[in-house]
Amino acid sequence: MAKTWYPVVDYAVCVECGNCVAMCPHKVYDTAKAPSPVVKNPDGCVDHCHGCGKRCPVGAITYVGEDTGWIPPNRKQEAEEATCSCGCSEASGCGDASGKKVIVEYLYLDLQTCDRCIGTDKVLDEVMMVLTPALKLAGFEVEYNKIEMNTAEIAEKYKFLSSPTIRVNGQDICTSVKENSCGCCSDISGTDVACRVFEYDGANYEVPPKEMVAEAVLKVVFGQSETGCSCGEYELPDNLKQFFEGKKNKSECSCGGNCC
Ligand code: SF4
Ligand code: SF4
């Protein structure tokens, strides 16, 4: 079974103090890379441990599978101030590229089972690892957040339209929603669910190519994007309603048999 709890470092925030690497006795981080925090052994992480996150002076550590409501210390106030009701950044005026703040948000349904959420997460991490230092060098403040849409209420709060979604300063990097059947999310919810297909250069991808993501981020930052802010009228799509209902029913089923 896939690991359901391990730390995720926001490299846009991390100051490479090395506290987390030194703190963890379970060899989750690669000590050879210290003080840079590189998660090498997520399987070693202890379920619901917040040890490294509590030691982080800048609140750069969150956890895959977080379900306790824990908020990284030193970051709570900033997150509350920076987030508008659609989940995008008011700090940058929901797509106003005139500011020097770049907020990249990754909204997803599942990082344990869903191949396209996991694949897109990896691509976005790789792109941000490269773009963040360059944007900082150009004088931008960069914030990179990952938010799990684990209930219909959270999805509505973020005006979530399709999984997975990448937003830059509140703008979806896709100009429209295109989806196909997603076997992973259908398994999770026990119902037919469709997830995002990314269109790039005349082809469709269930996991976007790095070029597409990098180009989309830079276009928003430098004001060339044709996509819009997601602050307008919103209703949770039926497809996602079905997903959340199916997931809830599965988790509540106590038949003990094979019905689920
Ligand atoms: S959460 Fe605990 S076990 Fe996991 S990496 Fe951090 S200190 Fe180690
Ligand atoms: S404790 Fe926080 S700031 Fe220090 S290296 Fe780890 S993630 Fe980076």
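## Helices on the sheet

Helix α7 lies across strands β3, β5 and β6, running at about 30° to β5. Here helices (H or I, at least four residues) and strands (E, at least two) are DSSP runs, numbered from the N terminus. Axes are lines fitted to C-alpha atoms, for helices over the stretch in contact, and angles run from 0 to 180 degrees between N-to-C directions. Two residues are in contact if their C-beta atoms, placed from the backbone, lie within 7 Å.

This is a predicted model, in which local features need pLDDT of at least 70 and side-chain atom pairs count only at pLDDT 80 or more, while totals for chains, interfaces and linings use all residues. Residues are numbered from 1 along each chain as its sequence is written, and chains are lettered from A and ligands numbered from 1 in the order in which they are written.

## The sheet

Four strands form an open sheet of mixed pairing, in the order β4-β3-β5-β6; two strands pair if DSSP finds at least two bridges between them. Strands β4 (141–148) and β6 (171–172) stand at the edges with a single partner strand each, so one side of each is left without a neighbour in the sheet. Strand β3 (residues 101–108) pairs with strand β5 (residues 165–168) in the antiparallel sense over four bridges. Within this pair, V104 has V168 of β5 as its bridge partner. Helix α4 also packs on the sheet, where it touches β3, β4 and β5, and its direction makes about 170° with that of β3.

## The contact of α4 and α7

The axes of helix α4 (residues 115–137) and helix α7 (residues 210–221) come within 9 Å and cross at roughly 40°. Residues V123, L124, E126, V127, L131 and L135 of α4 meet K210, V213, A214, V217 and V221 of α7. These residues divide into nine nonpolar, no polar and two charged. Ala, Val, Leu, Ile, Met, Phe, Trp, Tyr, Cys and Pro count as nonpolar, Asp, Glu, Lys and Arg as charged, and the others, Gly among them, as polar.

## Surroundings of the ligands

Ligand 1 is surrounded by P7, M23, C24, H26, V28, C45, V46, C49, G51 and C52, a shell of eight nonpolar, two polar and no charged residues. A residue is near a molecule if its C-beta atom, placed from the backbone, lies within 6 Å of it. Around ligand 2 there are 16 residues, of which the closest are C14, C17, N19, C20 and C56.

## Backbone features

The peptide bond from S163 to P164 is cis, with omega near -5°.
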